[in-house]
Each structure stands twice: as structure tokens, then as C-alpha cells.
Amino acid sequence: MTPNPLTIRVLFFGAARDAVGADQIEFNCNPGDTAGGALQKILSEHPALNRFGKSLLLAVNQRYANHDDELHTGDELAIFPPVSGGSAGISSLSEDFFELTTKPLDVGAVARRVVLPVCGATVTLDGYAREWTKGRRTLYLVYEAYELMALTEMKRLGVQTHQKFDIAHIGIVHRTGRLEIGETSVVISVSAPHRASAFAACEWAIRELKRTVPIWKKEVFEDGEVWVQSEPPAVAGG
């Protein structure tokens, strides 16, 4: 007797979505199939994805997945290229905050949210859209996020920042949608008893955010456009 197939939802983001021509599909697989096995079948049905080689990342139910993770009926499998190296959502950890928004960012307002009487320094990173990249003039940027997973990863990043550095609080707000040149795309603000810890934590947090949080950036130039990719995060079994 042939077992009933499993039905899962497959999401595509960034350049992977462009290659498939859809942001999501329903996909049938067999009991015992893994995320990696499903990926291979999807690659055969959507050969345009093969241009990414082995760089495609997988997530199951908003968590990075190994290729040998088993799938179950109703699972949400996301397939996407490495993240860029950024409706609204909010996730909080004590006084920390992690947010996505389509609205313009007020850098000063974000910074004031982590100021505490016990702190001696607040370091704030203001990342904004630049006009020139390697000699090409950028007209505007577009940021896209896998929202639920992005907020989960930002919160995890906050926990790790506390573990690594002597800080009081951290806040991260990332904008999505279209950004004009000069507009702020991300604000990271860190408060700490001493400035050295605040500087180090802020630098580490932006580097990890660009590496692991599923937010993609498209640069639209005068003569074309491109999705920006960074080095993928290390995921066992990939």
C-alpha cells in the first residue's frame, strides 16, 4: 500500500523567489523525506534555482534547518539564498527590542530606548542607503524579510550579545520595503556600563545580523539591479 504523501508549504525569498517566479507553492513529498531531499526535488522542478549551487539555505517552521531534518505534514519549508550583508513586527526580551518596520526610522528615538541610569555609554549604529557601490550609482534599495524567522533570529542574536559582552540592553530595528538614498535601513543601539563593551557589542551584532538574519537587499542601479548576498551561516548537514 502506497503511503499518503505529505503536503508542505514552500516559501521562496529574494533572488530565489525571482528564479521560481512565485513566493510560495504547495509541495507533496513522501513520509520520511528530509528537507534536503525535498530541496533536490524542487531543484529538478525549478531548474533556475540551480544557479545558486550549494549556497541555498533551508528553514523549517522559521528555524534554520539541516538537510537531514525530517519533514512532516503542514511544515513550512523556506528556501533562500544567503542573506544580505535587513506591516511591522515586534519581539522583545526584557528591555531589549527587535523590530521590523516599513516606516522611516528615527535613530535618536531608537537610541533613547536603551538608555539606563546604570549605564555609562550608549553606542548606536545608523546604517543607511549609499548612492555609490563599486563605481555604480544606486537609485534606491529594496529590503525584504522572512518576517517571523527574522524576528526569532534577531532575538537569538540579542541573547548571544548578552552572553558575549558586558552590556545592559540592545535594540535592533530594521526597515523593509523601498528605501531612497540616504534613508536609514537599520539601527542597532547598545547600552553598557562602559563604552568598550558597547562598541564591541554593536560591531559584533551588525556583522552577525548581516550573516544570519533572513533579510535581503536588492540594489537598483541606473543600469540594472542585483540581490546582495553575504557568506551563508554555518548550518550542519548543508
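In this predicted model, helix α4 covers residues 147-164. The buried residues of α4 are Met149, Ala150, Leu151, Glu153, Met154, Leu157, Gly158 and Thr161. An α-helix has 3.6 residues a turn, so residues three or four places apart point the same way.

The sheet is open and consists of five strands in the order β2-β1-β5-β3-β4, with mixed pairing. Strands β2 (24-29) and β4 (63-64) form its edges, each pairing on one side only. Four bridges join β1 (residues 6-12) to β5 (residues 76-80) in the parallel sense. Within this pair of strands, Val10 has Leu77 of β5 as its bridge partner. Helix α2 (residues 35-45) lies across β1, β2, β3 (57-60) and β5, and runs at about 60° to β5.

The largest nonpolar core contains 35 residues. Leu49, Leu77, Ile79, Phe80 and Tyr146 have the most contacts inside this core. Two or more residues each are contributed by β1, α1 (14-20), β2, α2, β3 and β5. Another core, of 29 residues, lies apart from the largest one and includes Ile170, Cys202, Leu209 and Val213. For Leu49, when neighbours within four places in sequence are left aside, the contacts are Phe12, Ala16, Ala19, Val20, Ile42, Leu43 and Leu56.

Two cysteines were examined for accessibility. Cys29 has a relative accessibility of 1% and therefore counts as buried. Cys202 has a relative accessible area of 5%, so Cys202 is buried. A disulfide is a covalent bond between the sulfur atoms of two cysteines. With a cut-off of 2.5 Å between cysteine sulfur atoms, the count of disulfides comes to zero.

Most residues other than glycine have a negative phi. Asn61, although not a glycine, has a positive phi of about 55°. Gln62 lies in the loop between β3 and β4, and its phi is likewise positive, near 70°, in a residue other than glycine. The relative accessible area of Asn61 is 35%, and Asn61 is therefore partly exposed.

Conventions. Residues numbered from 1 in each chain as written. Predicted model: local features only at pLDDT ≥ 70, side-chain atom pairs only at ≥ 80, totals over all residues. Heavy atoms only, no water. Pairing = 2+ DSSP bridges. Contact = heavy atoms within 4.5 Å. Axes fitted to C-alpha atoms, helices over the stretch in contact; angles between N-to-C directions. Buried < 20%, exposed > 50% of the residue type's maximum accessible area, 1.4 Å probe, protein only. Expected span 1.5 Å × (residues − 1). Core = buried A, V, L, I, M, F, W, Y, C linked by side-chain atoms within 4.5 Å.
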